[in-house]
Amino acid sequence: MPTATRENMRSRLERLNASMDAVKETIRQPLLEKGNAIIEAQRGMEQALREGLREGMEREALLSTLASVRSQVEREGELFENALAIFEGDAVAAPAIESQLREAKAFLTWVRGLEVSASAPIPPFDESRLPPPAPDGPTAEGYISVSEARTRARAGKTS
Amino acid sequence: MAYHVEIDEALVLAYLRHPDRGLADTDVDTLLGFLEGLAQTGEPYRNDPSRRCSPGSAHFEVTYIFADATGTMRAFRFIVSDAAAAYGVLRVRFTEEL
């Protein structure tokens, strides 16, 4: 390769590196700030989910919610992994992004665990376990309204 | 349509409150709160054929999952009869922890 060409290539490469460094310099701080915002949003999601679990949910509704959350957090993890690839070796950005990625992965692991637990197959119910017949009148012996049951339970009464 | 929801006192309430369940009073209240909510939410469950215990059955099932007072995830299956739906009544006939 002629010297002039080699020099031209070296110069172009330096400019390319400088351009890429300039881009990284430009996006580093905003990316870290946006990453923190994502983690804050994730923490809010986790808190809402924990509150939702304390209140309880019907199984299908819970599974649907968990699937949506998992999908979103998987995308979040991919975003942090891509950011980490861009800033690999960066003394400032890499540790911060690694920390964000760790938190996203921990949340994802928890959500996946919940999903596995909630989606465990349920055997069909054998109706012969029920005392016959199903009461079909407006009133039925042995039944009380749920609100009455709640009142009794809150009062600590057995009947 | 809003239903009046009743539970079998001997089978359902007694089961939930039995010491073997290890449910705190607040947990029992949470579960009963869910059942009380069937007054408003019961209709879609009733209309979902996949929830019927068998085709044409008067019973459908709903499973409720929650974190109890200790933070442990618990799942309870409830078997509900809509045989008296014409009177606006749903009856919770059975429950078991899964």
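**Close-ups of a predicted two-chain model**

**View 1. Where strand β2 of chain A meets strand β1 of chain B.** Strand β2(A) is joined by 3 bridges to strand β1 (residues 4-8) of chain B, and the two run antiparallel. Look for A:Ile144 here: its bridge partner in β1(B) is B:Ile7. Keep in mind that this and every other view shows a predicted model.

View 2. As a reminder, strands of a sheet pair through backbone hydrogen bonds, either parallel or antiparallel.

View 3. Strand β2 (residues 59-67) of chain B pairs with strand β3 (residues 73-81) of chain B in the antiparallel sense, over 9 bridges. To get your bearings, find B:Phe60, which sits opposite B:Val80 in β3(B).

**View 4. The contact between the chains, seen from chain A's side.** Chain A puts 31 residues into the contact and chain B puts in 42 residues. On chain A's side, α1, β1 (57-58), α2, α3, β2 (143-145) and α4 (146-155) each supply at least two residues. The most come from α4(A), which gives 6 residues. Sort the chain A residues that touch chain B by type and you get 16 nonpolar, 6 polar and 9 charged.

**View 5. Helix α3 of chain A and what it packs against.** This helix covers residues 93-118 of chain A, 26 residues in total. At 1.5 Å a residue it should span 38 Å, and its end C-alpha atoms are 37 Å apart, which agrees. Buried residues of α3(A) include A:Ala93, A:Ile97, A:Gln100 and A:Leu101. Further along, A:Ala104, A:Phe107, A:Val111 and A:Leu114 are buried too. The buried residues of α3(A) pack against α1 (3-55) and α2 (59-86) of chain A.

**View 6. Chain A by itself.** There are 4 helices and 2 strands in chain A, running α-β-α-α-β-α from the N terminus on. Its radius of gyration is 29 Å, well over the 15 Å that the globule rule gives for 159 residues, so chain A is more spread out than a compact globule. The C-alpha trace of chain A spans about 100 × 35 × 20 Å along its principal axes. Of its 159 residues, 15% count as buried.

**View 7. Chain B by itself.** Chain B has 2 helices and 4 strands, in the order β-α-α-β-β-β from the N terminus on. A compact globule of 98 residues would have a radius of gyration near 13 Å, and chain B has 13 Å, which agrees. Its C-alpha atoms fill a box of roughly 40 × 25 × 20 Å along the principal axes. In chain B, 42% of the 98 residues count as buried.

Methods: Residues are numbered from 1 along each chain as its sequence is written. Chains are lettered from A and ligands numbered from 1 in the order in which they are written. This is a predicted model: local features need pLDDT of at least 70, side-chain atom pairs count only at pLDDT 80 or more; totals for chains, interfaces and linings use all residues. The expected span of a helix is 1.5 Å times one less than its number of residues. A residue is buried if 20 or more other C-beta atoms lie within 10 Å of its own, exposed if 12 or fewer, and partly exposed in between; C-beta atoms are placed from the backbone. Two residues are in contact if their C-beta atoms, placed from the backbone, lie within 7 Å. Ala, Val, Leu, Ile, Met, Phe, Trp, Tyr, Cys and Pro count as nonpolar, Asp, Glu, Lys and Arg as charged, and the others, Gly among them, as polar. Two strands pair if DSSP finds at least two bridges between them. The radius of gyration is taken over C-alpha atoms; the globule rule is 2.2 Å times the number of residues to the power 0.38.
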